[in-house]
Amino acid sequence: MIWPFSRACVINLNSRPDRWQSMSARLDVMGVGAERFPAVSIEDLVVDPPSDKLRAFLLRVDGDSARFEHKLGATWACMRSHLAIIAKAKSLGWPEVLILEDDCDFELYTPAVLARVQEQLQGLNWDMLYLGGTLKKGGKTKRVTSNLSSVTRVRLAHAYVVKSSIYDHILEQAERSGLPIDWYYSEK
């Protein structure tokens with residue numbers, strides 16, 4: 001299979017080498033070369049605490065609980081990891097980057113579908129490509145090609161491609177939005 005994206009990064013906590021090994025093996029089977037990206041951990045947030053806006057958002061959406069501080073830290077660390085990959089892609093001049101979380105799984109048909117993606121994206125004006133997600137209430141889909149759709153209100157950030165055309169926008173706006181990264185993508 002010819003992989004249609006120039007760069008791929010897998011977010012992986014240093015404490016979970018098992019997940020990197022598993023993901024690396026799955027990607028090898030598909031012929032995808034990806035680099036491991038050390039995830040920002042909750043422990044790293046001592047010098048980079050979550051924003052007050054994110055705290056307020058999660059309190060409003062999820063309410064307070066015994067696990068709230070952990071969820072807040074994990075959500076912030078997740079955003080910091082995703083944004084760090086986009087910043088790296090920008091600084092190295094990558095035309096796009098495939099971002100994968102280390103717990104993402106691929107369906108058996110994934111290689112066949114992705115083999116057609118590069119051709120199907122030609123001539124389309126796109127900035128972001130989800131390889132999976134959850135369509136939320138009010139979300140819309142519109143078929144663009146035989147296996148690509150334009151979507152709104154999709155959540156989950158476990159497997160997606162970002163083009164350089166929106167690196168700056170994401171880097172300037174995501175953190176300030178006060179939203180988790182997948183909500184930011186979905187809503188903004």
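User: Where does Val151 lie, and what does Val151 touch?

Analyst: Val151 lies in strand S7, residues 149–151, where strands (E, at least two residues) and helices (H or I, at least four) are DSSP runs numbered from the N terminus. This is a predicted model, in which local features need pLDDT of at least 70 and side-chain atom pairs count only at pLDDT 80 or more, while totals for chains, interfaces and linings use all residues. Residues are numbered from 1 along each chain as its sequence is written, and side-chain values use heavy atoms, with hydrogens and water left out. Leaving aside residues up to four places away in sequence, Val151 touches Tyr130, Lys140 and Thr141, a contact being heavy atoms within 4.5 Å. The C-alpha atoms of Val151 and Ala8, which are 143 residues apart along the chain, are separated by 22 Å.

User: Is Val151 buried, partly exposed or exposed?

Analyst: Buried means under 20% relative accessible area, exposed over 50%, and partly exposed in between, with a 1.4 Å probe and protein chains only. Val151 has 34% relative accessibility and therefore counts as partly exposed. Asp182, placed in helix H6, has a relative accessible area of 17% and so is buried; beyond residues up to four places away in sequence, Asp182 touches Val154, Arg155, Leu156 and Ala157.

User: What is the phi of Arg153, and where is Arg153 placed?

Analyst: Most residues other than glycine have a negative phi. Arg153, although not a glycine, has a positive phi of about 60°; Arg153 is placed in the loop between S7 and strand S8 (154–155), and is partly exposed, with a relative accessible area of 25%.

User: Which residues touch the most other members of the largest nonpolar core?

Analyst: A nonpolar core is a set of buried Ala, Val, Leu, Ile, Met, Phe, Trp, Tyr and Cys residues joined through side-chain atoms within 4.5 Å. The largest one here has 31 residues, of which Val97, Ile99, Val162, Ile170 and Tyr185 touch the most other members. Elements giving two or more residues to this core include strand S1 (8–12), helix H2 (52–62), helix H3 (68–91) and helix H5 (167–177), and H3 gives the most, with 9 residues. Another core, of 20 residues, lies apart from this one and has Trp20, Cys104, Leu121 and Leu148 among its members.

User: At what angle do H3 and H5 pack?

Analyst: Two packed helices are described by the angle between their axes and the distance between the axes. Axes are lines fitted to C-alpha atoms, for helices over the stretch in contact, and angles run from 0 to 180 degrees between N-to-C directions. H3 and H5 pack at about 155°, with their axes 10 Å apart, so H3 is roughly antiparallel to H5; angles under 35 degrees count as roughly parallel, over 145 as roughly antiparallel, 65 to 115 as roughly perpendicular and the rest as oblique. Among the residues making this contact are Trp76, Leu83 and Ile86 of H3 and Tyr167, Ile170 and Leu171 of H5.

User: At what angle do the axes of H2 and H3 cross?

Analyst: The axes of H2 and H3 come within 10 Å and cross at roughly 125°, which means that H2 is oblique to H3. The contact involves residues including Leu54, Leu58 and Leu59 of H2 together with Phe68, Leu72 and Trp76 of H3.
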